[in-house]
Amino acid sequence: MTERKLDLSGEFDPRALRHALGQFATGVAVITTCTADDKLEGLTVNSFASISLDPPLVLWCLQRAAPSFASFAAAGVFAVSVLGADQRALAHRFATAAVHKFSDVPHVAGYGGAPRLADALAWFECRTERTVDGGDHVIFIGRVVRAGYRDGEPLVFSAGRYCLSAHLADAA
């Protein structure tokens, strides 16, 4: 196995950095909101994380250049639907630039009207607590107002591909 070293102190290849970051496996979630004029927005992310249990805070990141950026910035609410291994098609659907992402996708109106996807492995309805500058992204910090979950296997993303999780045997 060959180790690839990146020097980020000068010019560097962003693609190589992306490959290095991709070695960190993450879950997959769809973040959604509803605008003041009832437009539904949603996108697939792997940048979702828990910050705090007390108060209940989560975060996710959105590229400033994203078409839905203005909607999420103005809405003040969002929902997170953590996807199960059986929901790969939803991950792909919300990762595209399709106009009608919610067509034929079962969802319910959550807190503040932000839709959450039916049958998600876990879901969190949030009020935007604050946003933080993150370079070419903005970090959305949300206070969880309601949440729920079901049993199942998570959808995982690693090295540019969807994966399944596998439990390792306990060490002896």
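Biologist: Before we start, what should I know about the numbering and the model?
Modeller: Residues are numbered from 1 along each chain as its sequence is written. As the model is predicted, local features need pLDDT of at least 70 and side-chain atom pairs 80 or more, while totals for chains, interfaces and linings use all residues; side-chain values use heavy atoms, without hydrogens and water.

Biologist: How many aromatic pairs does a search of the whole structure find?
Modeller: Rings of Phe, Tyr and Trp (its six-membered ring) pair if their centres lie within 6.5 Å; planes under 30 degrees apart are stacked, over 60 edge-to-face, the rest tilted. On that basis, the search gives seven.

Biologist: What kind of pair do Trp-60 and Phe-72 form?
Modeller: Their centres are 5.0 Å apart. The planes make an angle of 70°, so the pair is edge-to-face.

Biologist: Are Trp-60 and Phe-72 buried or exposed?
Modeller: Buried means under 20% relative accessible area, exposed over 50%, partly exposed in between (1.4 Å probe, protein chains only). By that rule, both Trp-60 and Phe-72 are buried.

Biologist: Phe-157 and Tyr-162 also pair up; why does Phe-157 count as partly exposed?
Modeller: That pair is edge-to-face, with 5.4 Å between centres. Phe-157 falls in the partly exposed class because its relative accessible area is 25%.

Biologist: Which ring does the charged end of Arg-116 sit over?
Modeller: A charge counts as over a ring if NZ of Lys or CZ of Arg is within 6 Å of the ring centre and within 35 degrees of the ring normal. For Arg-116 the distance to the centre is 3.6 Å, and the ring belongs to Trp-123.
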